[in-house]
Amino acid sequence: MKRVRLIRHGQSAANAGHASRDHASIPLTALGLEQSRIVARSFSVAPDLIVASPFARAQATAQATAATFPATAFETWPIEEFTYLAPDRCVDTTVAQRKSWVDAYWLKSDPTFCDGDGAESFHNFVARAQAFLDRLEEHPASDIAVVSHGQFLNAVAWLLERKPQVLDSQAMADWRNYEIENHIQNGGGYSLSQKVGDTSWALGHRTLHEPL
């Protein structure tokens, strides 16, 4: 049996309403650091592998678990958050200031559209989520802890639950609704499991304090 715990990073400065310089370097708040320690304490046994997004808030969250289990391997995978707005125009802006840009992007609902340098299309974002699932399946570790981001984790769950056949504007709109309806709290997440010899994943929701 392969078991994977997927965790959203702790509260970041952007989550708390502060301006951020760029999408990748946003730090955790004091609450976010405490949430990362709560996540670390929620493991009843050491995972075989800890995986984190390259973004600072995910790395900092994962480091609390890595410090608790120093013998566990730690890897950084390309499971960063969906950067659908061009980073250059988002410098030193807050979530509230970006709202009109966000609304316009999702109203456009074009899965191939890229907003500019450093941004990615919805199509490429979903491809990253699928590549992550493929990598999990191929990895020899049995118990894996993954620290990523809310939208990325919901892309993974959406792929498993909705099994989209075509990534058109309707699928993009469906994912947006799915992400809003299944918002993942900071430090929260869900689990995946796969039986030996099986090619499908079982998805289970969990609470923050439930041990692995």
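1. Leaving out residues up to four places away in sequence, L153 touches L6, I7, R8, S148, I184 and Y190, where contact means heavy atoms within 4.5 Å. L153 lies in helix 5, with helices (H or I, at least four residues) and strands (E, at least two) taken as DSSP runs numbered from the N terminus. At 0% relative accessibility L153 counts as buried, a class defined as under 20% relative accessible area, with exposed meaning over 50% and partly exposed in between (1.4 Å probe, protein chains only). L153 and I7 are 146 residues apart in sequence, yet their C-alpha atoms are 8.0 Å apart in space.

2. On the basis of the values: this is a predicted model, in which local features need pLDDT of at least 70 and side-chain atom pairs count only at pLDDT 80 or more, while totals for chains, interfaces and linings use all residues. Residues are numbered from 1 along each chain as its sequence is written, and side-chain values use heavy atoms, with hydrogens and water left out.

3. S148, one of the residues that L153 touches, is placed in strand 4 and counts as buried at 0% relative accessibility. Its contacts, leaving aside neighbours within four places in sequence, are I7, R8, H9, S53, A58, I79 and L153.

4. Helix 5 (residues 150-162) and helix 6 (residues 169-181) pack at an angle of about 115°, with their axes 10 Å apart; the axes are lines fitted to C-alpha atoms, for helices over the stretch in contact, and angles run from 0 to 180 degrees between N-to-C directions. Helix 5 passes helix 6 in a right-handed crossing, the convention being that a crossing is left-handed if the near helix is turned anticlockwise from the far one by less than a right angle, and right-handed if clockwise. On the side of helix 5 the contact is made by G150, Q151, N154, A155, A157, W158, E161 and R162, and on the side of helix 6 by A171, D174, W175, R176, Y178 and E179. By class, this contact has 6 nonpolar, 3 polar and 5 charged residues, where Ala, Val, Leu, Ile, Met, Phe, Trp, Tyr, Cys and Pro count as nonpolar, Asp, Glu, Lys and Arg as charged, and the others, Gly among them, as polar.

5. Buried in helix 6 are A171, M172, W175, R176, Y178 and E179. They cover an arc of only 165° around the axis, which puts them on the same side of helix 6, the arc being that of the directions from the helix axis to the C-beta atoms. The face turned away from this buried side carries the exposed residues Q170, I180 and E181, whereas the cover over the buried residues includes helix 3, helix 4 and helix 5.

6. Helix 4 (residues 122-138) can be read in a similar way. Its 17 residues should span 24 Å, and the end C-alpha atoms are 25 Å apart, which agrees. The buried residues of helix 4 are F122, F125, V126, R128, A129, F132, L133 and L136. They cover an arc of only 150° around the axis, which puts them on the same side of helix 4. Among the elements that cover them are strand 1 (2-8), helix 3 (99-108), strand 4 (143-148), helix 5, helix 6 and strand 5 (189-194).

7. W201 is placed in the loop between strand 5 and strand 6 (202-205), and at 13% relative accessibility W201 counts as buried. Not counting residues up to four places away in sequence, W201 touches K2, V4, L133, L136, E137, L160, L192, S193 and Q194, of which L133 and L136 belong to the buried residues of helix 4.

8. Most residues other than glycine have a negative phi. D92, in the loop between strand 3 (73-76) and helix 3, has a positive phi of about 60° although it is not a glycine, and at 45% relative accessibility D92 counts as partly exposed. K163, in the loop between helix 5 and helix 6, has a positive phi near 50° and is exposed, with a relative accessible area of 54%.

Conventions: The expected span of a helix is 1.5 Å times one less than its number of residues.
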